[in-house]
Amino acid sequence: MIREIATTGLYKRRGGRHALRGLDAAFCAGQITLLLGPNGAGKSTLLATLAHLLRPERGSVTYAGRPWAALDAAARASIAYLGHASYLYGDFTIRQNLERYRLLYRLAPAAIDQVLERLRLAPLASRPVRTLSRGQVQRAALARFFLPAPQVLLLDEPFTGLDEQARVLVEAHLVEERAAGRLIVLSSHHLGFAQLVPDQVLILQRGAGCHQGPVPADTALAELYRRALERGP
Amino acid sequence: MRLLEQIGRLALGELRLEAQRQDALWAATFFGLVTVVLFALGIYDPSASPKALPALLWTALVLAGVTIIQRAFEAEREGACLQALALIPGAATPFFVAKVLAHFVTLSATMVLVTPLAWLLLAPDWPLPWLLVGATLGLGALAFAILGTLVGAMLEQLRQRALLLPLVLFPLMLPIVAIGVTITVEGQQQAGLTHVQVHIPAPPPAQVALGIGTAPTLTWPVDPQEPAAEQVARAFSHLAQHSAAPDLLVWQDGRQGVRLTAPRPLALVAHGMVLEEIPRDDRALWRQVALLGLLTLIALPLCLWLFRRLLDPL
């Protein structure tokens, strides 16, 4: 089980600019780390690198002290990533999409109904993804994300397009997952959470960290974010 | 869950997706049928039609195949589903094999419609060795599905994929198509055309150079049940009613042989011809089919390995 992910001197160029510039960070199981930063600060690049979808030019990522190459298949499968793309087939229904991923993950058939129930998607399960609204597609993408019951949850803007009800539901799930000892890293532009209180905040600016640590008890998240950006990396 | 079960279920899902989208199947079938019909209409010389059949079948297979592969990863592209595959350990193999199977079934279904139509339009009087042609085209379709799935995945993110796909895929398919066409041509000839050949002593090279020594030939269907001599006699009486320029000369066993593929046979008699029935060599043809199968078999693990490399992080 992966109890910790650490990055050392992470450097990555994307689209001709420095997306990450020597980033050192650590993420622990049983904690929610909130990634904050303006557009282009490197949040998505960091999450994709943690998920091993991008390879850094310099620096390293270790999973419980081991590099990706040393992880076995079970450890790799325990890492789930939710990106900007839905990873869903538009012509398939939600259930057919989940069935496809269930087969690829080699899960038991019951996993589909469990995740549909969990995200309250059962009434929409027979509808093709192409016919769903933006928020419904995001919920279906979250269902795909939660399907393999991952140990490490990497979520890039998971609340995009969600209505208030769905947002609260997802927050509640993330809190549950933390209680179950999962390692959670999520990025968001949204600072006002209903239930979710991050254990630590990593604020990025131009690819470098300008704050990593818990939110001080006497400081609001928005205030911490403003000060960190003013101070800079 | 066993790997074969996993692949089977994924392939069914792919076919369901294909059935829901329908565009690739219809486009490939339409393309194949139009190719056959246009070819049939474009060939004026009825004696040339049977010879064109093998080439036409492989042309239809390649063009229909490209149509299918061009749309092969559209569904994945919309949702960036190939990226999701990189997140699931061990998923690349069943995914790739299932895709290949689905493309193979779709292409085979197209060829099942195209082949009889091509035969009816171009060579209805010629007995076609269906098993041999079916096996050869089937292996060709499988090889195309394997190579096409890899190339389709490689070009998935590129804007110029419609242009690049044939440019990359056709050279890769060349050995398969070359062997496949050879088998189909020889299979078709042995099934009907060249069971009977007429040999004449070779004319002096000077005559050949001047064009005097060329001998006439004629096309006509050969019934394997009928003795060769009777068929030739029947053909001669048929030839007497026609006239056309000689079109084919072959050298065999040190003698100049003339395939009966054009009229004016009486000149052959004057040269003192020798009639010979050429035995059908099925084993040689099936050996070539086995070679085609071997090439296809080698292509699968190689393409699978390249596909897995393709999913590596950038």
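A residue counts as exposed when its relative accessible area is over 50%, as buried when that value is under 20%, and as partly exposed in between. This report applies these classes to a predicted model.

## Two arginines in loops of chain A

With 53% relative accessibility, A:Arg120 is over the 50% limit and therefore counts as exposed. A:Arg120 belongs to the loop between α4 and α5 (134-146) of chain A. Its phi is positive, about 55°, although A:Arg120 is not a glycine.

A:Arg106 lies in the loop between α3 (94-105) and α4 (110-118) of chain A. Its relative accessibility is 41%, so A:Arg106 counts as partly exposed. Phi of A:Arg106 is near 60°, which is a positive value in a residue other than glycine. Such angles deserve mention because most residues other than glycine have a negative phi.

## Chain B as a whole

Chain B contains 12 helices and 4 strands. Of its 314 residues, 48% are buried. Contacts in chain B between residues at least 6 apart in sequence can be sorted by separation: 83% of them join residues at least 24 apart.

## Helix α6 of chain B and its partners

How do the axes of α6(B) and α7(B) cross? Helix α6 covers residues 92-122 of chain B and helix α7 covers residues 130-154 of chain B; their axes come within 8 Å and cross at roughly 140°. Angles over 145 degrees would count as roughly antiparallel, and α6(B) and α7(B) are therefore oblique to each other. The crossing in which α6(B) passes α7(B) is right-handed. On the side of α6(B), the residues making the contact include B:Phe96, B:Val100, B:Phe104, B:Leu107, B:Met111 and B:Trp119. On the side of α7(B), they include B:Trp130, B:Leu137, B:Ala141, B:Phe144, B:Ile146 and B:Leu150. The residues of this contact of α6(B) with α7(B) divide into 15 nonpolar, 5 polar and 1 charged.

Helix α12 (residues 282-310) of chain B also packs with α6(B), at an angle of about 125° and with the axes 10 Å apart. That angle makes α6(B) oblique to α12(B). The crossing of α6(B) and α12(B) is right-handed. From α6(B), the contact is made by B:Ala92, B:Thr93, B:Phe95 and B:Phe96. From α12(B), it is made by B:Leu300, B:Cys303, B:Leu304, B:Phe307 and B:Arg308. The residues of the contact of α6(B) with α12(B) comprise 7 nonpolar, 1 polar and 1 charged. B:Phe96 belongs to the contact with α7(B) and also to the contact with α12(B).

## Individual residues of chain B

| Residue | Relative accessible area | Class |
|---|---|---|
| B:Thr106 | 4% | buried |
| B:Thr29 | 8% | buried |
| B:Leu101 | 34% | partly exposed |

B:Thr106 is found in helix α6 of chain B. A polar atom of its side chain lies 2.7 Å from the backbone oxygen of B:Ala102. Which residues are in contact with B:Thr106, leaving aside its neighbours within four places in sequence? They are B:Leu15, B:Glu18, B:Leu25 and B:Ile68.

B:Leu101 also has its place in helix α6 of chain B. When neighbours within four places in sequence are left aside, B:Leu101 is in contact with B:Ile7 and B:Ala11. B:Leu101 and B:Leu4 are 97 residues apart in sequence, and their C-alpha atoms are 12 Å apart in space.

B:Thr29 is found in helix α2 (residues 23-42) of chain B. The side chain of B:Thr29 reaches the backbone oxygen of B:Leu25 at 2.7 Å. B:Leu25 is also one of the residues in contact with B:Thr106. Leaving aside neighbours within four places in sequence, B:Thr29 is in contact with B:Thr110 and B:Leu113. The C-alpha atoms of B:Thr29 and B:Leu56 are separated by 14 Å, and the two residues are 27 residues apart along the chain.

How values were computed: Residues are numbered from 1 along each chain as its sequence is written. Chains are lettered from A and ligands numbered from 1 in the order in which they are written. This is a predicted model: local features need pLDDT of at least 70, side-chain atom pairs count only at pLDDT 80 or more; totals for chains, interfaces and linings use all residues. Side-chain values use heavy atoms; hydrogens and water are left out. Axes are lines fitted to C-alpha atoms, for helices over the stretch in contact, and angles run from 0 to 180 degrees between N-to-C directions. Angles under 35 degrees count as roughly parallel, over 145 as roughly antiparallel, 65 to 115 as roughly perpendicular and the rest as oblique. A crossing is left-handed if the near helix is turned anticlockwise from the far one by less than a right angle, and right-handed if clockwise. Contact means heavy atoms within 4.5 Å. Ala, Val, Leu, Ile, Met, Phe, Trp, Tyr, Cys and Pro count as nonpolar, Asp, Glu, Lys and Arg as charged, and the others, Gly among them, as polar. Buried means under 20% relative accessible area, exposed over 50%, partly exposed in between (1.4 Å probe, protein chains only). A polar contact is a pair of N or O atoms within 3.5 Å; within protein, one must be able to donate a hydrogen and the other to accept it, and residues adjacent in sequence count only if both atoms are side-chain atoms.
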